[in-house]
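Please keep the sequence and the 3D view at hand.

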Amino acid sequence: MAMGTSEAVLQIFSRAVPCLFGSDPCFSRSELMIPFESRVKSIKKRRSRCMLKCSCMTQIHTTTHQLHGNGGVLCGNTSIHRSQLQSCKCQSADSVSGIAEEAGNGTWFVDNVKKLNPINGVMDTPNVLEFQDVQELKPEMEGSISDGAVETARDTCAKVRVDSIEDEAWDLLRESMVYYCGSPIGTIAAKDPTSSNVLNYDQVFIRDFIPSGIAFLLKGEYDIVRNFILHTLQLQSWEKTMDCHSPGQGLMPASFKVRTVPLDGDDSATEEVLDPDFGEAAIGRVAPVDSGLWWIILLRAYGKSSGDLSVQERIDVQTGIKMILRLCLADGFDMFPTLLVTDGSCMIDRRMGIHGHPLEIQALFYSALLCAREMLAPEDGSADLLRALNNRLVALSFHIREYYWIDMKKLNEIYRYKTEEYSYDAVNKFNIYPDQISPWLVEWMPTKGGYLIGNLQPAHMDFRFFSLGNLWSTISSLATMDQSHAILDLVEAKWGDLVAEMPLKICYPALEGQEWQIITGSDPKNTPWSYHNGGSWPTLLWQLTVACIKMDRPQIAAKAIEIAERRIARDKWPEYYDTKKARFIGKQARLFQTWSIAGYLVAKLMLSDPNAAKILITEEDSALVNAFSCMISANPRRKRGRKSSTQTFIV
């Protein structure tokens, strides 16, 4: 056989099977100069040596899974550091992932190759041989290497790399734990050794701890979650004042910090105290509306996961739930069942034009109402509260499903809206002007799929796609089954925009130009495609996973997790990513961000055991469905008249 033909075959395989030909531990690049016939004879030996190394590394990893501390593991008489184990001899797996990314997100390389070229699964390249040449080479190559061995080697190397990422994540999560009086009470927001300006990233945030708490629950480590729930409950009753004004009772803090202070009258002795922040010290001085809602959701998850219902049955816990509900269900001036909040009162905690009735708050509100109804003890003092809660659930779900939903059909309806309608039966109830439909939306909206818009107010619809609100609407059943499937259809259809090189966009699209200047106040942290303004947040991975599991579409989450695994550990677990395709680590992103770490772990744990997602999922209530049909068929004029009685709340 001609030497040129042999070299061409080798070049094909060096690209198609990097684990055996393009990787240093299995096949040296310098050996490519050896004649092809000699190389073929030695391939079997080299392949078995590579398999032996990968197998050995897997065994090392398994036996040292519980080791912590300096991250070192022992293999024979040789000490191997964890960072070496992560990258050790697994460059081939990285290479395969890189090629797979070009072929399509989340797909195995070999499968794509076979689709591209049915001839022996060889990928089309400038050096691909003609069919006749391949047939001539076939007998010589059959004895050298099997497809099964290639796949086994690739899978083994990939498993070692992924397992080492998970081990590193668990080590980092446990290093972030905060202790109060000797017991774990939470996890700090970030432990970035490269940042000299800590700000409040050394505090325990309520919303940030949620993925950490879920991760510990799934691991069977219940104490830290129990302690967190009870100690934050104690902070709820603290006096909260800013400029001589106090918010309503029931407000949960945004964060807290464990401080060591000297005892009164004795400078030689100290004690630990919890120092909460209800927004008085936060940037922008905004109260965290979502903290209490997340607290209720975590409380239910703790009971379902641990089986310990004694916590939620405690009198102080029952009182805490009622105080949160009373704060949220209080009567006001608003005509809508949605919660009216200021800008920056949730995960998007800076000015981003979400003041009013943002979807994220409504989804968490609905979920918290369902969880609270499930946990409230049936007693005389709760009757009025439960009645108000049920009424709000019906009105809120109808409002969101009917007025927040948008797809191509609905978009066309809005495009044809008449304005200035004065009537109880008006179609355009909120007087939305068709000119509000942005050109980007007309081009971006897929034929199949839809989503819940970000905000709705009189004469204003915020058409941006907000990931957390849509995902949690799916998880909590605020969205219908059809709407939930359509949301995931849109995620798949717009994968390159919402996931790209790191999941998941917090919102899409970004505010740019004059719109960015006016809405954000020219915020230098929320520049276009950065931070909350179109940045990509890895922590959203766990919520995507739970939503996909609920809708029986876990392959979407698996694909996103695979993309995250390619670089998140190598990038040192950033808080967020910048640019339209999430190619850069965020310009002000903290490294070793705890909820990025915990979000990845929860996603992996949920995917390996989908039944575990039930601790967060709430199914649609048949009574609510019946109420919807009644509301749709009812005449709005029948609702007018004197209110029969005033609702009271007994706490």
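Two strands pair if DSSP finds at least two bridges between them. Helices (H or I, at least four residues) and strands (E, at least two) are DSSP runs, numbered from the N terminus. This is a predicted model: local features need pLDDT of at least 70, side-chain atom pairs count only at pLDDT 80 or more, and totals for chains, interfaces and linings use all residues. Residues are numbered from 1 along each chain as its sequence is written, and side-chain values use heavy atoms, with hydrogens and water left out.

An open sheet is built from 3 strands in the order β5-β6-β7, with antiparallel pairing. β5 (204-205) and β7 (266-277) are the edge strands, each with a single partner, so one side of each has no neighbour in the sheet. Strands β3 and β4 form a hairpin with 2 residues between them. Cys181 sits in that turn, with a positive phi of about 55°. The table sets out two strand pairs.

| Strand pair | Sense | Bridges | Residues facing each other |
|---|---|---|---|
| β3 (177-180) and β4 (183-187) | antiparallel | 4 bridges | Tyr179 and Pro184 |
| β5 (204-205) and β6 (255-263) | antiparallel | 2 bridges | Val204 and Phe256 |

**Helix α16**

Which residues of α16 are buried? Helix α16 (residues 408-415) buries Lys410, Leu411 and Ile414. Seen down the axis of α16, these buried residues fall within an arc of 100°, so they line one face of the helix. The arc is that of the directions from the helix axis to the C-beta atoms. Buried means under 20% relative accessible area, exposed over 50%, and partly exposed in between (1.4 Å probe, protein chains only). The face turned away from the buried side of α16 carries the exposed Lys409 and Tyr415.

What do the buried residues of α16 pack against? Their partners are α15 (383-404), β8 (405-407), α17 (439-444) and β10 (460-466). At the start of α16, a side-chain oxygen of Asp407 comes to within 3.3 Å of the backbone nitrogen of Lys409.

**The protein overall**

The protein has 25 helices and 13 strands. Of its 651 residues, 55% are buried. Contact means heavy atoms within 4.5 Å. Among contacts between residues at least 6 apart in sequence, 71% join residues at least 24 apart.

Methods. Polar contact = N/O pair within 3.5 Å; in protein donor to acceptor, adjacent residues only side chain to side chain.
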